[in-house]
Protein chains: 2
Amino acid sequence: MDLSQLGEFGLISRFQSRLKYRSPQVIQGIGDDCAVLSLNNGNYQVLTTDALVETVHFNLKTHTPEQLGWKTMAVNISDIAAMGGQPKFAVLSLGIPSSVPVNFLDRFYKGLNQASQKYKVALVGGDTVASPKHLFINLALLGETLKKKVFTRSGARPGDKIFVTGTLGDSALGLKILESPRKKWKGSEALRKKLVQRHLKPEPRVEVAAWLAKSKFRVTSMIDISDGLTQDLGHILKAGKLGAELWEPDIPISKPLIKYSIINGLPALELALSGGEDYELLFTLAPDDVTNLGIESITKADPPVTQIGVITAKKGIRLISKTGRSKALQRPMGFNHFKGKT
Amino acid sequence: MDLSQLGEFGLISRFQSRLKYRSPQVIQGIGDDCAVLSLNNGNYQVLTTDALVETVHFNLKTHTPEQLGWKTMAVNISDIAAMGGQPKFAVLSLGIPSSVPVNFLDRFYKGLNQASQKYKVALVGGDTVASPKHLFINLALLGETLKKKVFTRSGARPGDKIFVTGTLGDSALGLKILESPRKKWKGSEALRKKLVQRHLKPEPRVEVAAWLAKSKFRVTSMIDISDGLTQDLGHILKAGKLGAELWEPDIPISKPLIKYSIINGLPALELALSGGEDYELLFTLAPDDVTNLGIESITKADPPVTQIGVITAKKGIRLISKTGRSKALQRPMGFNHFKGKT
């Protein structure tokens, strides 16, 4: 068996099952956006790590060093937000090829600093080493949750309402634009910029997560969308052996994405369903809460939060069109590290 | 200015001075073996990260996958030990080239698991990504200290006694042996194995650190020896603007190292002073404690602990020979990531 057959998630579950040491202080181990730890007497802590590899996650032609620094911090913060946590302390490892100038690193840290300041994350240490060829970046981030309130991937039940923050697919289209020759697609510079920005400078939804953690809503599951809506929804469904109906007209697609897609004949809906790197939050709420507490208090958040469907006992994801036609989404679409886009 | 001029430590201090967000919960930030965090009501937490890059830190010809897995965990545990902490939770990032077989990863995790079991570290998460060419490993490790007792690099004073655990230089010679053609040097297979093992399977000194943390000794400073005795002692001295006398006859050198050096005409003392990757603990104790509590209770530890010198107000490191001759060690010798061995 080789890696491409086993895949990223196959590899992870393979090792998870072989772990030799387990600690009673681990509330949630491998398999969620963060680990949940009970070291504190009171609150839980959440711990996550994310690696960014040149040519795999970024390209020095498409990302400025500042953007790369921001993104390094932002993608990890998004994982902390997805657990309902507040990011706190980060350690950074850099594997730096000798070809990288000091000025590049200055600018990288500038971007990292911007995100660290905005989201109140203290960079407290790291490891700086040489790398033979490619730039390798790794951040580990420790956060904490409000009392023992933590949102995991598991916990959704049939009937729970599915929500997402912001809009989906912009980042994926932004990446497509960045990777294509300048003249391949039509559309104004302003339009391009808006989409590209969503890819280069993701804004983790810490505030929405914090608001939900403080609210009376029972968040039954949450994940951040890094691999694409359907694939990440797949993780929530797999955890509970569930399915979902997604309402096609309600999938939040931004005006720039719609415009650009129309001009260039691109599949806007597909980008929104499976694009990846949105760093929006996908979560489920108990239906009673939505009825009793009112959906308005959620949907008027900034960025807006949209109900996009409902959890079902029947497995699989079905997309319900405006006219009520149901179409099964064959399998989660998204990114597999050892296969490329599936 | 390029990276080789600035160097690893120059780069670190450059960014440390530019940090935009500082948290009052950070007791010790960048610049020690671990960050020290005050999230808990009671105890401190310690957080560290270490990256291992193929061709820079290891070579797949000299390390088995099991050894690499062990080492990944061990070098981080050593950093936690150097703060007087107990390692607790780890997150692992792997950048894996497509050429790496699943069997390699199975064996890597086996070694990691062995260390995790021995030192009671729970692997709670990570990130598994593709890498274009070289294997990249990063571990971040969270630990905690006994109450608020934490050992840092700063705190040593003139007159403090300097101690090290175990013996020094074996790992450096082990690496030399691994990297040389089989027939280059003489010596029995058993001798070779002992030295090579010290390089391939370092044993972090968590128990000695824990014993010291519980003892009545005031540990005024501590660091783990990863870059070589003189360079790591240099960090302690720099923190307090101090110097040190090292007693040449007391530098602990193992029998295998002495034997192998004699047979092959290698500089045993130099290896012990600047070898690197010993993962022994270097620490200083208040002189009164050593007098009052008795040196025997320390030195009879397992592995043995040896007093090797004394902290001085006069800067620089001087090596005092058996006959009392003093020789200045010009500058810290050790490893600089962007220059190679200095």
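What is the handedness of the crossing of H2(B) and H3(B)? The crossing of these two helices is right-handed. This explanation concerns a predicted model, and it moves from this pair of helices to the relation between the chains and then to the domains of chain A.

The two helices of the opening question may be located first. In chain B, helix H2 covers residues 65-81 and helix H3 covers residues 102-118; the two pack with their axes 6 Å apart, at an angle of about 40°. Because of that angle, H2(B) is oblique to H3(B). On the side of H2(B), the contact is formed by Pro65(B), Glu66(B), Gln67(B), Leu68(B), Gly69(B), Trp70(B), Thr72(B), Met73(B) and Ala74(B). H3(B) contributes residues that include Phe104(B), Arg107(B), Phe108(B), Tyr109(B) and Leu112(B). Sorted by class, the residues of the contact of H2(B) with H3(B) are ten nonpolar, six polar and three charged.

Chain A may be read alongside this description. There, H2(A) and helix H3 (residues 102-118) pack at an angle of about 40°, and their axes lie 6 Å apart. H2(A) and H3(A) are therefore oblique to each other, and H2(A) passes H3(A) in a right-handed crossing. Among the residues that make this contact are Trp70(A) and Met73(A) of H2(A), together with Phe108(A) and Ala115(A) of H3(A). The contact of H2(A) with H3(A) comprises ten nonpolar, six polar and three charged residues.

How many residues of chain B are in contact with chain A? There are 69 of them, and they meet 69 residues of chain A. The elements of chain B that each give two or more residues to this side are helix H1 (3-16), strand E2 (35-37), strand E3 (45-53), strand E4 (85-96), H3, strand E5 (122-130) and strand E6 (136-145). E5(B) supplies the largest share, with nine residues. By class, the side of chain B that touches chain A holds 37 nonpolar, 21 polar and eleven charged residues. The copies meet through the same surface, because 100% of the interface residues of chain B are also interface residues in chain A.

Between them, 22 residues of domain 1 are in contact with 24 residues of domain 2. On the side of domain 1 that touches domain 2, two or more residues come from each of helix H1 (3-16), helix H2 (65-81) and strand E4 (85-96) of chain A. Which of these elements gives the most? It is H2(A), with nine residues. The side of domain 1 of chain A that touches domain 2 has nine nonpolar, nine polar and four charged residues.

The axes of helix H5 (residues 189-200) and helix H8 (residues 255-264) of chain B come within 10 Å and cross at roughly 120°. H5(B) and H8(B) are therefore oblique to each other, and their crossing is left-handed. In this contact, Leu191(B), Lys194(B) and Leu195(B) of H5(B) meet Pro256(B), Leu257(B), Lys259(B) and Tyr260(B) of H8(B). The residues of the contact of H5(B) with H8(B) are five nonpolar, no polar and two charged.

How values were computed: Residues are numbered from 1 along each chain as its sequence is written. Chains are lettered from A and ligands numbered from 1 in the order in which they are written. This is a predicted model: local features need pLDDT of at least 70, side-chain atom pairs count only at pLDDT 80 or more; totals for chains, interfaces and linings use all residues. Axes are lines fitted to C-alpha atoms, for helices over the stretch in contact, and angles run from 0 to 180 degrees between N-to-C directions. Helices (H or I, at least four residues) and strands (E, at least two) are DSSP runs, numbered from the N terminus. Angles under 35 degrees count as roughly parallel, over 145 as roughly antiparallel, 65 to 115 as roughly perpendicular and the rest as oblique. A crossing is left-handed if the near helix is turned anticlockwise from the far one by less than a right angle, and right-handed if clockwise. Two residues are in contact if their C-beta atoms, placed from the backbone, lie within 7 Å. Ala, Val, Leu, Ile, Met, Phe, Trp, Tyr, Cys and Pro count as nonpolar, Asp, Glu, Lys and Arg as charged, and the others, Gly among them, as polar.
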